[in-house]
Amino acid sequence: MSDADPRRRKTNAPMPLPDQVALVLQGGGALGSFQAGVYEALEEVDIEVDWVAGISIGAVNAALIAGNPPERRVERLRQFWDKVTSRLPSFPIPWASDEMREVLHEWSAAMVATGGVPGFFAPRPLPPIMAAPGSCEALSYYDTTPLVATLNELVDWDLLNNGPVRLSVGAVEIESGNFFFFDTKKCRIDHRHIMASGALPPGLPPVEIDGKWWWDGGVVSNTPLSHVLDNQTTDLLIFQVDLFSSQGVKPRTMMDVMARAKEIQYSSRTRTISDERMKARKRREVASRVLAKLPPELKDDPDVKALTAIAHENAVSLVQLIYRANAWEGGSRDYEFSERTKAEHWQAGRDAVEQTISKSGLIATNILDGKTAAFDLTPR
């Protein structure tokens with residue numbers, strides 16, 4: 001989107017916006033309502049998203065955003081999250097201690113494990129060992145057929161594929177092990193591509209698309225940031241919404257061990273990609289400044305031309321919005337689909353945007369200077 005676009009000229013955003021704004025959504029199951037809160041808060045401050053990329057639950061949220069007109073996106077996000085948490089409604093907590101919350105949290109997760117999630121997945125009647133080898137029933141514990149109807153009800157696929165918001169979702173092709181992004185700039189996307197991005201084994205079954213079978217993109221990488229940066233064509237503001245924090249405290253219990261291991265597992269790849277890509281861009285910025293100092297007679301040298309092409313970069317402002325878990329959230333936090341926790345995650349997403357926007361002058365300066373930098377402006 002160019003600066004001349006009327007949508008961009010009319011914006012009341014709290015910072016100047018570059019030509020393109022991207023929303024990058026990590027996988028994390030039930031934690032995905034944090035992403036919904038982030039999107040709602042961004043919409044309220046008139047930051048319009050041009051490109052949304054997701055993996056796993058991030059792909060579902062991304063489809064709900066790209067597959068609806070602006071005035072219905074938050075409504076559709078709420079409908080989805082209300083549906084998937086409807087089996088475990090919120091009720092008064094007699095004692096609001098961390099210990100009581102942890103008990104309720106684990107009880108809710110156990111209910112999901114045994115009964116599934118409305119509109120998302122259901123337990124299979126027979127164990128995989130009793131199914132025909134090679135079948136989806138033999139390769140997963142749950143059936144995701146309910147998600148087909150949910151997605152088709154809440155997503156306008158024609159708008160998703162032909163509308164103003166670009167969509168990219170990552171998945172892994174099982175036989176080759178290749179990580180691949182389905183992108184509306186390159187192919188038509190339907191419910192199968194979204195479900196493939198979220199087909200996390202061994203719980204959820206692989207998804208077949210045109211003769212190939214796919215698993216959750218998080219098997220390789222839990223963030224679609226690399227795809228966005230690899231396909232960048234203009235200055236870019238990225239809001240990267242991470243559902244697992246790389247930082248934490250030493251575990252005290254076995255549940256803490258499970259939680260911390262999962263945080264490190266899913267955040268390490270995200271952190272590595274973010275750090276390495278930003279460092280590489282900084283190096284290219286230095287190379288560009290050196291090349292600009294060369295005398296005119298060297299400008300046409302083939303090696304100088306080749307290096308100039310390699311060193312060219314569009315600016316990136318990478319804003320990280322990271323969910324930081326409560327003390328009572330254990331290793332089952334990504335499948336604890338309760339109404340109470342959904343509401344708390346949603347509000348946490350809103351709070352993260354509010355805290356970031358309150359310090360948006362730093363981001364604004366970087367955008368105006370046309371530089372590349374990463375920001376984490378939320379309290380640790």
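Which residue's side chain meets that of Arg166 in a salt bridge? The partner is Asp183, at 2.9 Å from N to O. A salt bridge here is a side-chain nitrogen of Lys or Arg within 4 Å of a carboxyl oxygen of Asp or Glu. This is a predicted model: local features need pLDDT of at least 70, side-chain atom pairs count only at pLDDT 80 or more, and totals for chains, interfaces and linings use all residues. Residues are numbered from 1 along each chain as its sequence is written, and side-chain values use heavy atoms, with hydrogens and water left out.

**Overall build**

- The chain holds 13 helices and 11 strands (DSSP runs numbered from the N terminus: helices are H or I with at least four residues, strands are E with at least two).
- The C-alpha trace spans about 75 × 50 × 45 Å along its principal axes.
- Of contacts between residues at least 6 apart in sequence, 74% join residues at least 24 apart (contact means heavy atoms within 4.5 Å).

**Burial**

- Buried residues account for 51% of the 380 in the chain (buried is under 20% relative accessible area, exposed over 50%, partly exposed in between, with a 1.4 Å probe and protein chains only).

**Salt bridges**

- A search of the whole structure gives 11 salt bridges.
- Glu40 and Arg78 pair through their side chains at 3.6 Å, N to O. Glu40 sits in helix α2 (residues 33–44) and Arg78 in helix α4 (residues 73–84), so this pair ties together parts 38 residues apart in sequence.
- Glu40 is buried at 10% relative accessible area, while Arg78 is partly exposed at 35%.
- The side chains of Arg166 and Asp183 form another salt bridge. This pair links distant parts of the chain, with Arg166 in strand β5 (residues 166–173) and Asp183 in strand β6 (residues 179–183), 17 residues apart.
- Arg166 is buried at 13% relative accessibility, and Asp183 is buried at 0%.
- Arg192 bridges to Asp190, with the closest N and O atoms 3.0 Å apart. Arg192 is partly exposed at 26%, and Asp190 is partly exposed at 21%.
- Shared partners join Glu40, Glu44, Arg78 and Arg350 into one salt-bridge network.
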